[in-house]
Amino acid sequence: MVSYRQLFLKHQAQTSDFPLLLEIERAEGVYMYTPEGRPILDLISGIGVSNVGHRHPRVLAAIHAQLDKYLHLMVYGELVQAVPAQLAEALHRTLPAHLDSVYFTNSGTEAIEGALKLAKRHTGRTELVSCLNAYHGSTHGALSITGSESFKNSYRPLLPDVRHIRHNDFADLALITERTAAVVIETVQGEAGVRLPTPYYLPALRRRCREVGALLILDEIQCGYGRTGTMWAFEQYGIEPDILVCAKGMGGGMPIGAFISSTEIMSGFKTNPILGHCTTFGGHPVSCAAALATLHVMQDENLAAGVAEKAARFRAQLHHPAIRAVRGSGLLMAVEFDSFEVLKPIIDRALEHENILTDWFLFCDNSLRLAPPLVITDAEIDAACAGLLRAIEFVAG
């Protein structure tokens, strides 16, 4: 009998020559389980997705309730459907007043694509500015503004008129000019290895965008939805975006993303041309039902409020001579080692012998990613730290 692993390798498109090949039969809370019943402690949340844990009961109940009503009915924006409308209003309530128009997509990279089009449509300009070592997605527009040449060179030509600036470099803000349609920046850089903005950098960037008439697009696909200790990471820096992009954690495990702006800016999609941005499955009612339940769980269980204490618990225990630094913003953390050659065996050892799943960052391969579900308990944090330290000691001790 052909195994699922054989089918996976034979017929499912691969993205590397070394997939994990870990077969998962079910998941719940902070654990994934193999067919043999082996529990795997998930310290990366499907890369920032499972903020409320795997298969949260309220998310499942919302999905089931929507399944009993209808699935896809019509392309985006034509029919009035209760759950997407409720989700848009609920998201608006978490945001500054001017961010009152929500466009739902299927993913983060699609949300970035929509935000780029919206900025160019609103300003009539073509130049896009983003940061070196930024990651914004893999579709052509999102890839164009991603700040790593190694990821882009095989796919050129990409979007023209893209300029990169150095993150946290005040002098580079002068490169943002009257030609710039938008600056796209992660409020907290993720794949660069969790790099926080220095004091006053984001306010200075906000001022520069206003001075030259460029829109500020904040990418909170990974750092939003409570991950850094507030619902939105930008709340901690005294600024507000013109366009906010979110995805990952918002769906409770279901695929969904969104870009959010003012009604004035978003109205540009209605004319010249009509249907200036459209999608078949964006705002899918089942994904929106899961997302609305996820938002209510975040709020009712006050998950963001517990993030700082849980992050401090990780920091207090993760001490070892091989650890060079621990960076973080809430439960988005990077544990730095000397090199990838040191880190990779630690990751492998943690999975094989400690039943802990983690990984590294795309543009910072000497740092271990810690981004567990926000529902992780103190006991689970302690067990995770103990297992990681055993793996570190075995490899680097």
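**Figure 1. Secondary structure of the chain, with 13 helices and 15 strands.** The view shows a predicted model, in which the chain is divided into 13 helices and 15 strands.

**Figure 2. Overall dimensions of the chain, whose C-alpha trace spans about 60 × 55 × 45 Å along its principal axes.** The radius of gyration of the chain is 21 Å, and this agrees with the value near 21 Å for a compact globule because the rule is applied to a chain of 397 residues.

Figure 3. Of the 397 residues in the chain, 52% are buried, which here denotes a relative accessible area under 20%.

**Figure 4. The largest cavity of the predicted model, with a volume of about 30 Å³.** The count of cavities of 30 Å³ or more comes to 1, and the space within the largest cavity is about 30 Å³.

**Figure 5. Close-up of the residues that line the largest cavity.** The lining is formed by V335, F337 and I346, together with L368, L388 and I392. By residue class, this lining of the largest cavity divides into 6 nonpolar residues, with no polar and no charged residues.

Conventions
Residues numbered from 1 in each chain as written. Predicted model: local features only at pLDDT ≥ 70, side-chain atom pairs only at ≥ 80, totals over all residues. Heavy atoms only, no water. 1 Å grid on protein atoms, 1.4 Å probe; cavity = no way out; pocket = protein on both sides within 12 Å on 5 of 7 lines; lining within 4 Å. Points joined across faces, edges and corners; volume = space filled by probe spheres on them. Nonpolar A, V, L, I, M, F, W, Y, C, P; charged D, E, K, R; others polar. Helix = DSSP H or I, 4+ residues; strand = E, 2+ residues; numbered from the N terminus. Rg over C-alpha atoms; globule rule 2.2 N^0.38 Å. Buried < 20%, exposed > 50% of the residue type's maximum accessible area, 1.4 Å probe, protein only.
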